[in-house]
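Welcome! Have the sequence and the 3D view ready as you read.

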Amino acid sequence: RESNRTWECLKNAIHQIHQHNASSLSFEELYRNAYNLVLHKYGELLYNGVQGVVAEHLKEVAQSCVDCPDDRLLDELKRQWDDHKTTMVMIRDILMYMDRNFVSQYKKVPVYEMGLIIFRENVSGHARVKTRLLTLMLDNISAERRGEQVDRILLKHTVNMLVELGVQGRSIYRECFEDQFLDHTRKFYQDESVQYISQNACSDYLRKAEHRIKEEKARVENYLHESTMEKIQGLCDEEWILAHCKTLIHMENSGCSWMFLHDKVQDLERMYRLFNRAPPTLKEVQKVMIDCICESGRDILNDPEKVKDPVSFIQGILALKQKYDQFVKDSFKESKDFQLALKQAFESFLNRDTRTAQYLSLFVDDMFRRGLKGMSSDVEIDASLEQVVTVFRFLQDKDIFESYYKQHLSRRLLTGRSSSDEAEKSMISKLKSECGHQYTSKLEGMFQDMKLSEDLMKQYKGSFHGVPQRARSSAAGASSSAGAAT
């Protein structure tokens, strides 16, 4: 029959393509032959025939992979896969009319995809290829983790092959590699992290964890599929961070408390960077920070030398605040949660009694009487005032501070001991911004009273202009007596 002769011609052509003799073929003639078969309702014969020829060829390919030693298997698979894709493109081009008509009409798998399915069933999925392929890929990854050089390009090619074989709703990459890779990786990091934490300080463990996490990220970027990224990163977070976070935080002589005590800004920054990958772990770090601040604060409150000297007392508070401000800024990247933790800690120990309110007012008094004289610029003065406001914000009973401040301010104004009226007004303005007009109205009233008094004195003295000296002296004496009586 004519249809069989036409099919035999096409079958022979496919054999020639598989044997790399395609240059001798007339693709125009082959296309016309395939076109005629489909046109005359022999599409089933053509489709099944091509399927059989490709499968027969790939059984031979599978045997060559089975016979290939392990050290050359990935190279052999690469060679056979590249060759198979090239030949399937040629076969697809010959059968383009069948793809457009017969295949779409009868809901068949398109020719090129059919070739991929036959390859995965006969070659990559062969019992004596599939397991060796997986083992070789995992062995290469293990070697790379040990610091050995591996052929990343070849591994990338193998991964791409598995991804491309995932047609018709199946993920061969996941089934034949990714699931096992993730299990293998989890076991590896479970063992390594447990061993490492038992033999190293917290900071060393954090460096190791950071290195491993970056390494896995680079591995996906270099040769694994992008769909693995989120899974491997989550796995690393679980095994390196979540499994050991409390042990790391409370590690004796190297954990969080030790880092705060010894100003380990960079180590805490690394801890924050890692723990921020699993945000709930940061709650424990915040608790430790609060405990450390409160403990240092209690030391200041109970220090007999500082208790006797209000200036030294407040300077101790400011130094402690400055220290933890640096942690919040540089280690914790100005995290709102850590800012809140710092605020809670200072409020906790500063409000145990009213000493801080009294001592802060005395600190300001000393600053206005003596401390500002060595400052050359308004910027320096403003920075000093801001430090006062920083401590003031932590006070819960601000009325006590206002009571002390009013006493000290009135004394400075009456004795003329303040080094700067402008600075005094600036301080009141800052307090007003914090607590409103009502809070500072009495303090502002004291300045207004002083101004009124000065104006009255000037008017009084001006009224004697042109009066004889004897009468002026008599009136001055009366004025002095009146002032003394007041």
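Buried means under 20% relative accessible area, exposed over 50%, and partly exposed in between, with a 1.4 Å probe and protein chains only. This is a predicted model, where local features need pLDDT of at least 70, side-chain atom pairs count only at pLDDT 80 or more, and totals for chains, interfaces and linings use all residues. Residues are numbered from 1 along each chain as its sequence is written, and side-chain values use heavy atoms, with hydrogens and water left out.

**Exercise 1. Decide whether Cys-245 is buried or exposed, and whether its sulfur is bonded or too far for a bond.**

Step 1: Cys-245 has 11% relative accessibility, so it counts as buried.
Step 2: A disulfide is a covalent bond between the sulfur atoms of two cysteines; here the test is a pair of cysteine sulfur atoms within 2.5 Å.
Step 3: The closest cysteine sulfur to that of Cys-245 belongs to Cys-256 and is 11 Å away, too far for a bond.
Step 4: Cys-294 is buried, at 8%.
Step 5: The count by this rule is 0 disulfides.

**Exercise 2. Describe helix α18 and what covers its buried residues.**

Step 1: Helix α18 covers residues 336-350, and its 15 residues reach 21 Å from first C-alpha to last, close to the expected 21 Å (1.5 Å times one less than the number of residues).
Step 2: Its buried residues include Phe-338, Leu-342, Phe-346 and Leu-350.
Step 3: Among the elements covering the buried residues of α18 are α14, α17 (310-331) and α19 (355-369).

**Exercise 3. Find where confidence is lowest and highest.**

Step 1: pLDDT is the predictor's confidence in each residue, from 0 to 100. The chain has a mean of 90, and 91% of its residues reach 70 or more.
Step 2: Confidence is lowest in helix α24 (residues 469-485), at a mean of 43, and highest in helix α10 (residues 202-222), at 98.

Technical notes:
Helix = DSSP H or I, 4+ residues; strand = E, 2+ residues; numbered from the N terminus. Contact = heavy atoms within 4.5 Å.
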